[in-house]
Every structure is written in C-alpha cells, then in structure tokens.
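Good morning, and thank you for joining.

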Amino acid sequence: MNRILAAAFALLVPTLALADVDARFAKLRDDSEALGSLGAFLEKYVGECDGAFVDPQCKAQAEAFRKKYTGKKLYMIITEDDATMLSAGDFNPGTSEYTINITPFFAGGKYAVTHGAPKKTDAQGNPVMNNLVVSGTAPDMWNGGTFARVFTTRGVRVQVVFTPQSVWTLPKKGGGKIYGVNSRVEGVLVTEGRSGGQMGLWLNGKDANQK
C-alpha cells in the first residue's frame, strides 16, 4: 500500500508544481494549448517546403496548419539546459533587487518563435531582438554572485505562452533565408529550476512587477 501511495504522490507532484505559480500566469497557461514539441510545431507552421524530395502537398498542409494555430494561445516549458535566452541583469546589493534579460527568441530546431518579427541580423547573421526585462527581489542570503551563478550554471527554467501570428523571413548570411514565427508573447514566467521559486514574470506586454 505504501508503494501505491508513493507512486500516486509522484504523479501528483508535477501537477502541484504547475499549480504553485503566479495566479495570473496560471490562468493564462490554463487557457492555452500545451505544445508537445516546439521543433515539430515550427517545422509544420513555417512549412519551408524546399528540396527535391518534398511532399507535393507540403505547402497546402503548412497553410492548413497555420490557419489552425494562428491566433491561438500556446504554452511551452523550456528546461534549464535550453533556457539560453535568459541572462542576469543588474543586481542591487543594498535592496537585493535585480533584473533579468529575456531575449524573445525561442529556438526549436532550425526555426524560432519570436516576440514580433526581427528586422535585421547582426554581424554573425543572427536575428536582432530587443530584450524583455523582468525584475524581482532575491531570497535571503543571496548576493550578486549567487544571482549570476544561477544563470551561468543553467539553473533557471522558463514557461512561455505565445500567440502565433505569421511567418517572417530574413536574408541568411552566405545565401538563402532565415525563417521564424512572428508571435505575440503573452507571458513569460522565469523560475529557479531547483526550488521552483518565481524569479520574474512578463505579462500583458510588461514586467509584471512594474505598476
């Protein structure tokens, strides 16, 4: 019986972890459709359909897929190892207040979901995106070094709700094109991976901590 109870509790823990978040984000998440694989979604939504062996129905299938998901809220979790769009911002040692920079470029395979459509690339050929900035207050016993290490050691995860709007393209360095999905990012929840504690929230087009 104890083993049965333990197994039931193990199944319940992920549900509790998802529920124990900011109520505003929880509502947004619960009103969205969860993505199983960002890479698979992007492949179907972009529908590049290039190459000699492409299915003749590829373009029609991509158009149908885009019609189904354009304007629909979608939810995804980006785990610690993949949360490279996050970086530590400023840290105030007097108040323990900090900022976190979020580059709204969420890659999956060779494509990405972006907040808006990038207009240009940098010298390395990467799309240029303006950062989203969220703020928070560090737990007791944290200092600037502790805060920075959470990012350098990949200790942060992200939950994102976004609404796809269209496909964007940019010239690719060396020839060809870069494709991505122009979206409206509805919410970004940043949490510490180990504890699950909330570190920052982007909601309704701004840092949720800003009045």
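Against which elements do the buried residues of helix 4 pack? They pack against strand 1 (33–34), helix 3 (38–46), strand 2 (74–78) and strand 8 (156–171). Contact here means heavy atoms within 4.5 Å, and buried means under 20% relative accessible area, exposed over 50%, partly exposed in between, with a 1.4 Å probe and protein chains only. Helices (H or I, at least four residues) and strands (E, at least two) are DSSP runs, numbered from the N terminus.

A word on the source. This is a predicted model, in which local features need pLDDT of at least 70 and side-chain atom pairs count only at pLDDT 80 or more, while totals for chains, interfaces and linings use all residues. Residues are numbered from 1 along each chain as its sequence is written, and side-chain values use heavy atoms, with hydrogens and water left out.

The buried residues in helix 4 are Cys58, Ala62, Phe65 and Tyr69. They cover an arc of only 65 degrees around the axis, which places them on the same side of helix 4; the arc is that of the directions from the helix axis to the C-beta atoms. On the face turned away from this buried side, helix 4 carries the exposed residues Lys59, Glu63 and Lys67. After helix 4 comes glycine 71, with a positive phi near 85 degrees.

Three strands form an open sheet in the order 3-4-7, with antiparallel pairing; two strands pair if DSSP finds at least two bridges between them. Its edge strands are strand 3 (86–92) and strand 7 (132–137), each pairing on one side only. Phenylalanine 91 stands opposite tyrosine 98 in strand 4.
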